[in-house]
Amino acid sequence: AYRRLGRHQDLLGVYERQLAILPEGGERVALLVAMAELCERELGKIPESIGWYQKVVASEPGHPLARAALGRLLRKNGSFKELAAMLDGEVKGASSPAQKARAAMELGEVYELHLDKLDGAVTAYRTALEAVADHRGAIDALVRVYAQQGAWKDLSDVLSLEASQSQDARATLDAMVRAAAVRVDRLKKASESAELLTEVVSADP
């Protein structure tokens, strides 16, 4: 009746009283989801909705609807520290390499783009690359962040990795040339750079 009459705050009060007497389990989780949805969709209370979804995830970490909604709302609310903590939990609890890589990439982007924590971004992107050895997005992200950090040795290494794993001949040669440039311009290793460029010329005379 409360929902039909648009008395959503009163309905939330009813839900809260029900929650107080429900034991842990599926019925309690379903009620928490309903409360979170009510707060977001009808009451416009995003922080409260986030709180209820966090309770769902704490009770049932693998709940797909709650995790997706929580991630979306944390982004919308600009709560990037909390989002990073949630994604870190997803990385640690991933059940497959692909799932781990996906969560790690999202975590890296949050660290890089929203929290200005490049070391954290590198760790996350490397985790994605360890989970899926030829993860192109992780390689590209590491190239980008290492260049920002001035981590030239790491940049050279990941460019060499890109060259070794690329299935595209032109991309392979491009990565080798870039690695050679880093070695001669930044690392002052002219002999190593020359070796790479010799390989490039041999492959693409």
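Modeller: Before we count charges, a convention: Lys and Arg are taken as positive and Asp and Glu as negative, while His and the chain ends are not counted. This is a predicted model. On that convention the protein has 27 positive and 30 negative charges, and their mean positions are 6 Å apart.

Biologist: What pattern does the protein follow along the sequence?

Modeller: The pattern is α-α-α-α-α-α-α-α-α-α-α. There are eleven helices and zero strands.

Biologist: How do you know how the radius of gyration of the protein stands against that of a compact globule?

Modeller: A compact globule of 205 residues would have a radius of gyration near 17 Å, and the protein has 24 Å. The box filled by its C-alpha atoms, taken along the principal axes, is roughly 80 × 30 × 25 Å.

Biologist: Why does glutamate 112 count as buried?

Modeller: Buried means under 20% relative accessible area. Glutamate 112 has 9% relative accessibility, so it counts as buried. This residue is found in helix α6, which covers residues 97-113.

Biologist: What makes the pair of glutamate 112 and glutamine 148 a polar contact?

Modeller: The limit for a pair of N or O atoms is 3.5 Å. The side chains of glutamate 112 and glutamine 148 make their polar contact at 3.4 Å, so the distance falls within that limit. Leaving aside neighbours within four places in sequence, glutamate 112 is also in contact with other residues, including Lys117, Leu118, Tyr125 and Arg144.

Biologist: Why is aspartate 116 called exposed?

Modeller: Exposed means over 50% relative accessible area. Aspartate 116 has 64% relative accessibility, so it counts as exposed. Its place is the loop between α6 and α7.

Biologist: What is the phi of aspartate 116, and why remark on it?

Modeller: Aspartate 116 has a positive phi of about 55° although it is not a glycine. The remark is made because most residues other than glycine have a negative phi.

Biologist: Why is lysine 188 called exposed?

Modeller: The cut-off is again over 50%. Lysine 188 has a relative accessible area of 65%, so it is exposed. Lysine 188 lies in the loop between α10 (169-185) and α11 (190-203). Lysine 188 is not a glycine, yet has a positive phi of about 55°.

Terms used
Residues are numbered from 1 along each chain as its sequence is written. This is a predicted model: local features need pLDDT of at least 70, side-chain atom pairs count only at pLDDT 80 or more; totals for chains, interfaces and linings use all residues. Side-chain values use heavy atoms; hydrogens and water are left out. Helices (H or I, at least four residues) and strands (E, at least two) are DSSP runs, numbered from the N terminus. Buried means under 20% relative accessible area, exposed over 50%, partly exposed in between (1.4 Å probe, protein chains only). A polar contact is a pair of N or O atoms within 3.5 Å; within protein, one must be able to donate a hydrogen and the other to accept it, and residues adjacent in sequence count only if both atoms are side-chain atoms. Contact means heavy atoms within 4.5 Å. The radius of gyration is taken over C-alpha atoms; the globule rule is 2.2 Å times the number of residues to the power 0.38. The place of a charge is taken as NZ of Lys, CZ of Arg, CG of Asp or CD of Glu.
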